Amino acid sequence: QVQLAESGGGLVQPGGSLRLSCAASGTIFSIGAMNWFHQAPGKAREFVASITSGGDTTDYADSVKGRFTISRDSAKIAGYLQMSSLKSEDTGVYYCNAHLLVAGGWNVYWGQGTQVTVSS
């Protein structure tokens, strides 16, 4: 069974940092683009960052540019989101998704999310 799982969330003070991880498990033949999304309390899920399969191109939401960095380790089929200078508005659940080549072809998978709370 193919799964994505996020980890690394928690409670952090404004201005602090967290590093989120997204790990894939199961029988996976290849991995394409990976993305991170953020869902603030009571709001819709929004795009945060993306990285191509080769890791050579990244994209960020304007709200996180200069503060967040997305990266990946294709050998481990894992992705990361380094978050710095965190603000209260960064609070919410962070989800990763990835395009994975599995037995049935390419599919998009989502993790279950990890909670980030930015508060003093």
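Which hand does the disulfide of cysteine 22 and cysteine 96 have, as judged from the torsion about the S-S bond? In this predicted model, that torsion is about 60 degrees, so the disulfide formed by cysteine 22 and cysteine 96 is right-handed. The bond connects distant parts of the chain: cysteine 22 lies in strand β3 (residues 18-25) and cysteine 96 in strand β9, 74 residues apart. The sulfur atoms of cysteine 22 and cysteine 96 are 2.0 Å apart, and with sulfur atoms within 2.5 Å taken as the criterion, the count comes to one disulfide. Cysteine 22 and cysteine 96 are both buried.

Strand β9, which carries cysteine 96, spans residues 92-102 and runs antiparallel to strand β10 (residues 105-110), with six bridges joining the two strands. Two residues separate β9 from β10, and the two strands form a hairpin. Across this pairing, alanine 98 stands opposite tyrosine 109 in β10. In a regular strand, side chains alternate between the two faces of the sheet.

Cysteine 22 and cysteine 96, in contrast, are buried. Between lysine 76 and valine 102 there is a separation of 26 residues along the chain, and their C-alpha atoms are 16 Å apart.

Notes: Residues numbered from 1 in each chain as written. Predicted model: local features only at pLDDT ≥ 70, side-chain atom pairs only at ≥ 80, totals over all residues. Heavy atoms only, no water. Pairing = 2+ DSSP bridges. Helix = DSSP H or I, 4+ residues; strand = E, 2+ residues; numbered from the N terminus. Buried < 20%, exposed > 50% of the residue type's maximum accessible area, 1.4 Å probe, protein only.
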